[in-house]
Amino acid sequence: MIVRTTDEITGTERDVSAKDWRSKRIILAGDGVGFSFHETTINANSVSDFHYRHHVEAVWVVEGTGTLTNHETGEEHPLGPGTMYLLDGHERHRVTCHTQLRMLCVFNPPVTGQEVHDETGTYPPPAVQAS
């Protein structure tokens, strides 16, 4: 059994930040359960482009408002508490935050926690990720 709190993750190597977002990585590949689980916060009035070519991501919005844009189709979806989106087709997408968004995210395959988005917004394939 694994029990963790976001308080104990804060300020550790599991607490990863970039210019406009912060990800508290609660469950990682090293935990050996086949997925990773994160609490991600994206700053108000920011725009972030992502593309997970090697991962499927499910996102549950728990706080804030914004817009999700599917770069593949041009479709836009409002984001708010209770909204879930699943990137099951590895869609390139943009998250535009109107207010700070707090989301719970699941990745499959799991991330190690040390990934960095490249210039296209993606993580490297799991086979070449740091262990």
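Trainee: Y52 first. Buried or exposed?
Mentor: This is a predicted model, so take every value as computed from it. Y52 has 5% relative accessibility, and the cut-off for buried is under 20%, so Y52 counts as buried.

Trainee: How many aromatic pairs are there?
Mentor: The count comes to two aromatic pairs. In one of them, the ring centres of F50 and Y52 are 6.1 Å apart and the planes are at 15°, so that pair is stacked. F50 and Y52 are both buried.

Trainee: And how are the rings of Y52 and F107 arranged?
Mentor: Their centres are 5.0 Å apart with the planes at 90°, so Y52 and F107 are edge-to-face. Y52 is in the loop between β4 (47–50) and β5, while F107 is in strand β10, so the pair ties together parts 55 residues apart in sequence.

Trainee: What about F107, buried or exposed?
Mentor: F107 counts as buried, because its relative accessibility is 3%. F50, Y52 and F107 together form one aromatic cluster.

Trainee: Switching to the core. How many residues are in the largest nonpolar core?
Mentor: It has 19 residues. Those with the most contacts inside it are I42, F50, L79, Y85, V95, L101 and M103. Two or more residues come from each of β5 (56–63), β8 (84–87), β9 (93–97) and β10 (101–108).

Trainee: Which element gives the most?
Mentor: β10, with four residues.

Trainee: What does I42 touch?
Mentor: Setting aside residues up to four places away in sequence, I42 touches D20, W21, S48, F50, V95, C97, Q100, L101 and M103.

Trainee: S48 is in that list. Where is S48?
Mentor: S48 is in strand β4. S48 has a relative accessible area of 7%, so S48 is buried. Beyond its neighbours within four places, S48 contacts D20, I42, H93, R94 and V95.

Trainee: And T41, where is that?
Mentor: In strand β3 (residues 36–42). T41 is buried too, with a relative accessible area of 16%. Leaving out neighbours within four places in sequence, T41 is in contact with D20, W21, R22, Q100, L101 and R102.

Trainee: D20 keeps turning up. Which residue does D20 meet in a salt bridge?
Mentor: K19, at 3.5 Å from N to O. D20 is buried, with a relative accessible area of 17%. K19 is exposed, with a relative accessible area of 72%.

Trainee: How many salt bridges in total?
Mentor: Eight. One of them joins E63 and R102, at 3.0 Å from N to O. That pair links distant parts of the chain, since E63 is in strand β5 and R102 is in strand β10, 39 residues apart. E63 counts as partly exposed at 36% relative accessibility. R102 is also partly exposed, at 23%.

Trainee: What does R92 pair with?
Mentor: R92 forms a salt bridge with E72, with the closest N and O atoms 3.2 Å apart. R92 is in the loop between β8 and β9, and E72 is in the loop between β6 (66–70) and β7 (76–79), so this pair ties together parts 20 residues apart in sequence. R92 is partly exposed, with a relative accessible area of 36%. E72 is partly exposed at 45%.

Trainee: Which residues are linked in a network of salt bridges?
Mentor: R4, R14 and D31.

Trainee: Zooming out, how many helices and strands does the protein have?
Mentor: One helix and 10 strands. From the N terminus, the order is α-β-β-β-β-β-β-β-β-β-β.

Trainee: What share of the residues is buried?
Mentor: 41% of the 131 residues count as buried. The accessible surface comes to about 7000 Å², and 52% of that belongs to carbon and sulfur atoms.

Trainee: Last one. What share of the contacts joins residues at least 24 apart?
Mentor: 62%, among contacts between residues at least 6 apart in sequence.

How values were computed. Residues numbered from 1 in each chain as written. Predicted model: local features only at pLDDT ≥ 70, side-chain atom pairs only at ≥ 80, totals over all residues. Heavy atoms only, no water. Buried < 20%, exposed > 50% of the residue type's maximum accessible area, 1.4 Å probe, protein only. Contact = heavy atoms within 4.5 Å. Areas by Shrake-Rupley, 256 points an atom, 1.4 Å probe, with all protein chains shown as cover. Core = buried A, V, L, I, M, F, W, Y, C linked by side-chain atoms within 4.5 Å. Phe/Tyr/Trp six-rings, centres within 6.5 Å; stacked < 30°, edge-to-face > 60°. Salt bridge = Lys/Arg side-chain N within 4 Å of Asp/Glu carboxyl O.
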